[in-house]
Amino acid sequence: MVTEERELETVDLNINMGPQHPSTHGVFRMVLTIDGEVVTDVEPHIGYMHRGGEKLSENMDFRQAIGYQDRTDYLAQFLNEQAYCMAVEKLLGLEVPERSEYIRIILCELNRITSHFMFAGAFGIDLGFFGTSFTYGFREREFIQDIFEEVSGDRLMYGYFRPGGVVWDVPDNFVQRVREVLPKSKQGIKDLDLLLTDNEIFVARSRGVGVISGDDAIDWGLSGPMLRASGVAWDLRKDRSYSIYNRFDFDIPVGDYGDVYDRYLVRMEEMRQSIRIVEQALEQLPDGPILPEKMPRKLRAPASEVYAAVEGARGEYGIYVVSKGGDKPYRLKIRSPSFCNLSALKTMTVGNYVADAVAILGSVDIVLCDVDR
Amino acid sequence: MSEQEKSPEDSGGEAPAEAGEQKAEAPAEAPAEAPAAEAKPARAEKAAAAPTKEPPPPGGIADLLKEALPDIQMEAYQGLSSVIVEIARDDISTVMRAAKDDPRLDLKFLRCLFGVDHLEEGFEVIYQLLSLTKDHEVTIKTRLPQADPKVASVTPVWNAANWHERETRDMFGIDFEGHPHLVPLLLPEDMTDHFPLRKDNPLAPVEEWQGELLGEHMASAGHIPAGSGFEVEAEAGGE
């Protein structure tokens, strides 16, 4: 008997992931095309959280729109407010008093730490550390969150920065409270380090996964830890120094391979550098007014346009304001880092195993409200 | 509130700037601004200080661009945060390709691109370019007529432009010719004829939804069931 030899037929499978999926960090959907275990195509679908913030801001005056900045990237609110306030200050020619600059820097860097704690915790879950890393991250984040609450009166939507400074002065024990918390944060970073950094499973799941080269990263417009993990030493705080960052001594961590593990390492090191900045800023924190002397009651901008960007927790968070005069922006564009970083997802994921898609997405550290705005 | 309604009361500060230097951005508002002449000195100072059309610094990015692209018509001036260069829309591909590849310019990083709706004056597409190696950055602008909002895609130059162009198409209906996959990104797939960020698309009026202050649109929108006993209050509450 002769058996007919036939080739095994294979078919690419489409797998839908999201929008309600625990590993998508929000409402995000992607359709993975897989050949066996290997991803051959990714089609991300975003926009579930689109709330038209740019349009809303056109109908708010310059102070009202601050509230919206908290709602884009809700893990790094102070950094967003900083970018927005810098844009309005540039537009109106407002000079920020020293004390406010320092308060802002301290809060922004603490905010970067909380955001990265959140990342490390959630990333651990993505790689299979059920719960432990998450509770570690959240525990440490909570201590800093308490300070934010004492300063601004809110736990999530701070609305504390104003064009020209901050809305009110920090509590009297602010410096002491931050000094109390910093050692805890250092310990928290150490704990996470011990749990994750040299963990064999963690390294095996993240080394060499989701690689993007430095040139590709620039081409895709990646910024922040994503860009630095690919070996490009670019940090707006150093390279386009804004506010008073040139007064502090800190390093920019850079990765070697541009893989998921490097992104984790870069963020861990950034937390340590942020603590350094906060320590120096606390030393130098001067007394004085928090708003300029001649602060207009109503902010009216001249007809002009301006771009201001900060090094956010996820990358370059920029605000472009087109003004035609009056108390409202004519057009307000938010250049959100998550949006740009997420657009390179396909490049990073194709060729990897389907199980690693979650790790890669986690390493981008997206906030879906920041992606969709 | 529409743009036309609010311009007279807002224009107090700009009148002196108008007199001092010609304003590039808003000729449409000029007639409305003339009558509102009372300007407080502090504000007038600020408005006058705002550089609307100052020449760019010599030897800067504007000169480099002209040197690299001698055949291209461009108008350059110093903006508040960077040098702004205006070019014709037909030149976009040439200029962007050169901006990225020319070693003198080395503008390898596209920060973002987005649209602005100037109503009768058409659409503006603004590109923000940055050099990671050299100490310069530039804002490039181009104007598209309102009736024919089309411009060449820069996605072949920068992959970063891919999603930005899709978003701009969603929000303004600007057609980026040569884009590999110009389908709705942030908006629903079938929403291809409605462009939320255009200025002829105002926000809905604010409705009060609490207590006695039920808004006037409530009844007509069908939020109050007939016969529920609240119809009368809804009308009275509108004041």
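Two strands are taken to pair if DSSP finds at least two bridges between them, where strands (E, at least two residues) and helices (H or I, at least four residues) are DSSP runs numbered from the N terminus. The model is predicted, so that local features need pLDDT of at least 70 and side-chain atom pairs count only at pLDDT 80 or more, while totals for chains, interfaces and linings use all residues. Residues are numbered from 1 along each chain as its sequence is written, and chains are lettered from A and ligands numbered from 1 in the order in which they are written.

In chain A, strand β2 (residues 29-35) is joined by 7 bridges to strand β3 (residues 38-45), and the two run antiparallel; within this pairing, A:R29 has A:H45 as its bridge partner. β2(A) and β3(A) form a hairpin with 2 residues between them, and A:G36 in the turn has a positive phi of about 70 degrees. Strand β1 (residues 13-17) of chain A also pairs with β2(A), in the antiparallel sense over 5 bridges, and here A:I15 is the bridge partner of A:L32.

In chain B, 5 strands form an open sheet of mixed pairing, in the order β1-β2-β5-β4-β3. Because β1 (74-78) and β3 (109-117) of chain B stand at the edges, each with a single partner strand, one side of each is left without a neighbour in the sheet. Neighbouring strands of this sheet are turned by 20 degrees against each other on average, direction ignored, with axes being lines fitted to C-alpha atoms, for helices over the stretch in contact, and angles running from 0 to 180 degrees between N-to-C directions.
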